[in-house]
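I opened this model to look up a few local features and the surroundings of the ligand. My notes follow in the order in which I checked things.

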Amino acid sequence: MTDSVSRSLAEIRADFPGLKTREGGVWHYLDSGATAQKPQAVIDKMARAMGADYATVHRGVYARSAEMTLAYEAARRTIARFIGGDEHEVVFTRGATEAINLVAQSWGAVNLKAGDRILLSTLEHHSNIVPWQILRERIGFEIDVCPLTEDGQIDLDEAEKLLTPAHKLVALAHVSNVLGSVLDVERAVALAKSVGAKVLIDGCQAVPRLKVDVAALGCDFYVFSAHKLYGPTGIGALWAKAEILDAMPPWQGGGSMIDRVTFEKTTWAPAPTRFEAGTPAIVEAIGFAEAVDYIEAIGLDAIHAHELSLVDNLRGELRAFNSIRLFGPDHSAGIVSFSMDGVHPHDLGTILDEEGVAIRAGHHCAQPLMEHLGVPATARASFGLYSDDSDIAALLRGIERTKRIFG
Ligand SMILES: Cc1ncc(COP(=O)(O)O)c(C=O)c1O
């Protein structure tokens, strides 16, 4: 982080116990795109919520439960404010994957029919492909795939040509988890609206680094996971416009999501409770909100600028290697994918691990994108707000060593 923010990068790094090796040395963690390390504030908050403050929510008549309910609902308000939405529009889910499945199984099952079309893109994560395919099996609509530009951005000129009034949904990633390319969401929304389609944005890789305002973006659904946002696993959020969410049927039944149950007929609770069957992830919701408070205190603009400069630096260094092929646009958001001639990304990842550097190697849950790139896998370095030049230097040392080993 630059000197312009109130806390130094060294201080921020010290907030994250996960950035150390078991022996207390520096661990060069370049896999924040898979899951981010957690600040001590989140860990402490969750430990308190699971210890001294612990009780169930929404049901208890005793004071501790009432307090926990207030904390859980305050967490929902924090998440809503974070993305410019209203608290009644935020459903807690297990993560982005579950949020997309919820939209498919609830909104999709009611609003899509045989003969309709939906538009995805080549770079989507499997979690924004497979739920639609499962629904397609049942309903029989068509899935179109928007191609990418040369440098790996969703090609909205092509989207414009593809879209027709038969399209009922456009579902796209805000930031690619492989290429770091950033979608022009406003333009995508304008194109979709011109044919009357709804828009779902997969914001998993966007919310940790870009200031998101769902009202300004104009989308209908926005989904993300807490664990990529320096919060816990097991929780994420679906934001949906109130009028859409209110009209959606429940997708899972059980406790909490009902108004009244009889064997003859059951009526549902209003949204968002209608979509939260069972005892929710109480501690995780509280940790999720704490993570949001943590990154807001640092500032998303500062985080994005910091990651952009790391990306510039790393891409510049990698360009000096003849044997390295870089993927994605130059100014990708926090994520750099590459491959090395004659070295499988898994071998590179293993050698880097010996050097104390963690990268992701594989298809990154984006097999159609790998096919498009013509590779079985890539190596991916992804930054977090705590990443610094020493992480890049360690990665480059590991790449040099790999080069020597593979001749
Ligand atoms: C762009 C994108 N979408 C969706 C997901 C799925 O997130 P989760 O596994 O937390 O549900 C990921 C996770 O890697 C992602 O990067």
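Entry 1, a hairpin. I started with β9 and β10, which form a hairpin with four residues between them. The model is a predicted one, and I read the strand limits from it as residues 258-261 for β9 and residues 266-268 for β10. The two strands run antiparallel, and I found three bridges joining them. I then looked up V261 and noted T266 in β10 as its bridge partner.

The peptide bond that joins A271 and P272 is cis. I wrote down an omega of about 5° for this bond.

I next looked at the loop between β14 (360-362) and α13 (367-373), which holds H364. H364 is not a glycine, yet I noted a positive phi of about 55° for it.

Which pocket does the ligand take up? I checked, and the space taken by the ligand is the largest pocket. I listed the residues around the ligand as A96, T97, H125, S127, N177, D202, C204, Q205, S225, H227 and K228. Sorted by class, this shell has two nonpolar, seven polar and two charged residues.

How far from an oxygen atom of the ligand does a polar side-chain atom of T97 lie? I recorded 2.6 Å for that pair. For H125, a polar side-chain atom lies 3.2 Å from an oxygen atom of the ligand. At A96 I noted a backbone N or O atom instead, and it lies 3.4 Å from an oxygen atom of the ligand.

For the ligand site I keep T97 at 2.6 Å, H125 at 3.2 Å and A96 at 3.4 Å. For the backbone I keep the cis bond between A271 and P272 and the positive phi of H364.

Note on methods:
Residues numbered from 1 in each chain as written. Predicted model: local features only at pLDDT ≥ 70, side-chain atom pairs only at ≥ 80, totals over all residues. Heavy atoms only, no water. Near = heavy atom within 4 Å. Polar contact = N/O pair within 3.5 Å; in protein donor to acceptor, adjacent residues only side chain to side chain. 1 Å grid on protein atoms, 1.4 Å probe; cavity = no way out; pocket = protein on both sides within 12 Å on 5 of 7 lines; lining within 4 Å. Sits in = over half its atoms within 2 Å of the grid points. Nonpolar A, V, L, I, M, F, W, Y, C, P; charged D, E, K, R; others polar. Pairing = 2+ DSSP bridges.
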